[in-house]
Amino acid sequence: MPYALVSPYFLLFAAFGLFPLAFTLYYSLHDYDLAGGSEWTGLGNYASLLTDEDFWNAVVNTIGMFVIATVPQMLLALFLANALNKRFRLRLAIRMSVLLPLVTSVVAVAVVFTQLYARDWGLVNYILGWFGVDNTNWRAERIPSWIAIATMVDWRWTGYNAIIFLAGMQTIPRDLYEAAAIDGASRRRQFWQITLPMLRPTMIFVVLNSTIGGLTLFSEPTTFYNGNVDGGSQGQFQTVAMFIVKQGFREFDYGYAAAAAWLLFLLILIGALVNFLVVRRIGGTK
Amino acid sequence: MMISKRRGLAAASALAAVVLAVTSCGSGGGTDSGAPASSGPVTIRVQTFGGGANFGYKNAIAKWNAEHKDIQIKEEHLTDQFEQQYWPQMIQWLTSGTGAGDVVGIDEGGMGLAKAHPEWWADLKEHGLESRKADYPAWKWENGITADGKLFGLGTDIGGMSLCYRKDLFEQAGLPADRDEVSALWPTWDDFMKVGQEFQSKVKDTKWADGTNTLYQVLLYQEAAKNGNVTYFDQQNNLIVDKNPAVRTAFDFAQKMSQQGLTAKLRNFSDEWAAGTQRGAFATVGCPSWMLGTVSGNAGDDGKGKWDVASVPGGGGNWGGSWLAVPAQSKHPKEAAMVADYLTQAQTQASVFADFGNMPSNTKAQQDPAVQGAKNEYFSDAPIGEIFAKSAAELQPVYLGVNHTQVKNAVESVIQGMDDGSVPYDQAWQQLVDDAAKAAD
């Protein structure tokens, strides 16, 4: 009986998690395309991926956008959570409102941001024009395109992370702050010496989550380029997830796409591990 | 684990799961449950692509639906972009056996692959459409027949070449606005660029042409006609990008246009391009017949009467043109074949031409005096019958190859990249050749 009760999860996991995982692994070892069926190539797909400039371009883009998006996002979310962690009017309403961007459809977000970052009639270029900056082609230049996409990501996810930070902050016992206040610690000091170290477990969760989300980034950059997975004329902002879809469903090289998916999995494992090690050190020096 | 739209794609494995689940189970909405044709109205889904008015079927479908209560046509315009979005999606639906409409449009670029996969298609001979052979020039008819002799595609439109231009902006620049005088301005492409310089010195904020890609295509098809009617592949499907002078000539012209700053750097069939058409970002655009509907659809009612059609430097060419096919997976092949038949009839093609501009491939329609004398109201009553229909019979088919769409996308990405500054001019040709080889592989 107990097995029957826990089985739904495992059955679903087997059908939608384990089976595709194994299937992907199987096909990543085959040359499997639309026309020719399937043929064993061993690690051939992996070997050609590692020498494929386009793949590495996608890896660099993905990591670049991840860094540009995540670092400010974490700081902003922390700041926001700290601000929300006080008493003020309409507290619940305001706390809820920071989640609004998250429940907006990503397509709607992309449409708005695409307009904002339009080359000829976009608001961003218009405002930059006041400072004498020439029109930036946000879809053609590499770093600007990363920044544009990063702002899109941050707009959606900062509030969400802030709420999680806020929840973490509320588990910190108040008497710690009282004791610190009695000892004469300033607000700022309290934040650095109490809030931040006590928040570490929450931070690890948030950072791991952002790592997974950031490294599998797909919707924002795709909608930013008319729904194409090319990510710019020369792949200026093509992410690994877009690369996989392009190989699999534009060029119908399923085996190659499957191998790239496994490499992305590895990349996320490495990314998560690095971030975990970094975050574990935060405020933990003493 | 947290589930959300972005993070739902969480682990690579999950993404791969999606990837493979889609291939094995198919995706998208299926056709209506296979109710027999007699038990009520049958809905025939017609899937199309292309910018603006695209296939121009709006009025023809409304007419059919008013006359046929038992068979209703529902047009699904999927996307503006054929190579990058429509065709890959369609291939996925066709291979997985579900998702495709009952009648689907195929651009010339997809026909090579379509012909190589007879199993995707219903045989229209079984529905008595062999009789349509007399309606078509031989090449248009034969391209709709698979390797093993199945009739699967009926021709819709063909290319034909012209240049669409903004009459009002020409006047502003002090250039002649009358179409004959405009045509006389540019006997050659070099003249075209010279006039462009003059135009841009007078009119600020408007570039001479939309981008590099449209005119690149125009030249590619003009030059292809002089080089054995092939572009990226020869008739044996060998990649000849680096050997075909047509590709090089078209590329060189695109590069010159870009270097002289004569383009608005917009990639055709993108959202920015459509917006640019409306807002006057460019004064001219290369116009095969079907492009008229794209321009008028994108520019909207405000553009009516501002556009006109002139002849193109460098002679004719046959860029574009499509076919309608009935996928084997359709639950209503008989009705679908009737719809495909209707939409390609001389009468329908003639009305599409008059309403939107797509040049009929149906020879009976081409010879129709109403077509030959047609004028396009949107384009300042330009005599499109004279411009397109009279030369239609001379158009030659261009052979495109099985992997044409992938190579086309790779090549156009380089040509666009050269214009938007992400590919240096001196490396562009080499990269074009390399990327084409990679895409063809």
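This tour moves through the structure one selection at a time.

The model is predicted: local features require pLDDT of at least 70 and side-chain atom pairs count only at pLDDT 80 or more, whereas totals for chains, interfaces and linings use all residues. Residues are numbered from 1 along each chain as its sequence is written, and chains are lettered from A and ligands numbered from 1 in the order in which they are written.

**Stop 1: the domains of chain B**

Select residues 38-158 together with 321-372 of chain B, which form domain 1, and then 161-319 with 383-440, which form domain 2. These bounds come from an automatic or database domain assignment. The C-alpha centres of domain 1 and domain 2 of chain B lie 26 Å apart. Across the boundary, 28 residues of domain 1 of chain B are in contact with 28 residues of domain 2 of chain B; contact requires C-beta atoms, placed from the backbone, within 7 Å.

**Stop 2: helix H4**

Which helix gives the most to the side of domain 1 of chain B that touches domain 2 of chain B? Select H4(B), which supplies five residues there. Helices and strands here are DSSP runs numbered from the N terminus, with at least four residues (H or I) for a helix and at least two (E) for a strand. H4(B) covers residues 108-115, and seven of its eight residues are buried. A residue is buried if 20 or more other C-beta atoms lie within 10 Å of its own, exposed if 12 or fewer, and partly exposed in between, with C-beta atoms placed from the backbone. Among the buried residues of H4(B) are Gly109(B), Met111(B) and Leu113(B). Their cover includes strand E4 (153-155), strand E10 (322-325) and helix H18 (404-420) of chain B.

**Stop 3: the largest nonpolar core**

Next select Val103(B), Cys164(B), Ala250(B), Ala325(B), Val326(B), Val339(B) and Ala340(B), the residues with the most contacts inside the largest nonpolar core, which has 126 residues. Such a core is a set of buried Ala, Val, Leu, Ile, Met, Phe, Trp, Tyr and Cys residues joined through C-beta atoms within 7 Å. Domains 1 and 2 of chain B both give residues to this core, so it lies between them. Apart from this core lies another, of 49 residues, including Met242(A) and Trp262(A).

**Stop 4**

Select residues 42-49 of chain B, strand E1; seven of its eight residues are buried, so E1(B) is largely enclosed by the rest of the structure. E1(B) pairs in the parallel sense with strand E2 (residues 71-79) of chain B over eight bridges; strands pair if DSSP finds at least two bridges between them. Within this pairing, Val46(B) stands opposite Glu75(B).

**Stop 4: a four-stranded sheet**

Now select the open sheet of chain B in the order E7-E8-E6-E9, whose pairing is mixed. Its edge strands are E7 (207-209) and E9 (307-310) of chain B, each pairing on one side only. E7(B) runs parallel to strand E8 (residues 282-288) of chain B, joined by two bridges. Ala209(B) has Thr284(B) in E8(B) as its bridge partner.

**Stop 5: Asp441**

Finally, select Asp441(B), in the segment after helix H19 (425-440) of chain B. Is this residue buried or exposed? Asp441(B) counts as exposed because it has 11 C-beta neighbours inside 10 Å.

Methods
Two residues are in contact if their C-beta atoms, placed from the backbone, lie within 7 Å.
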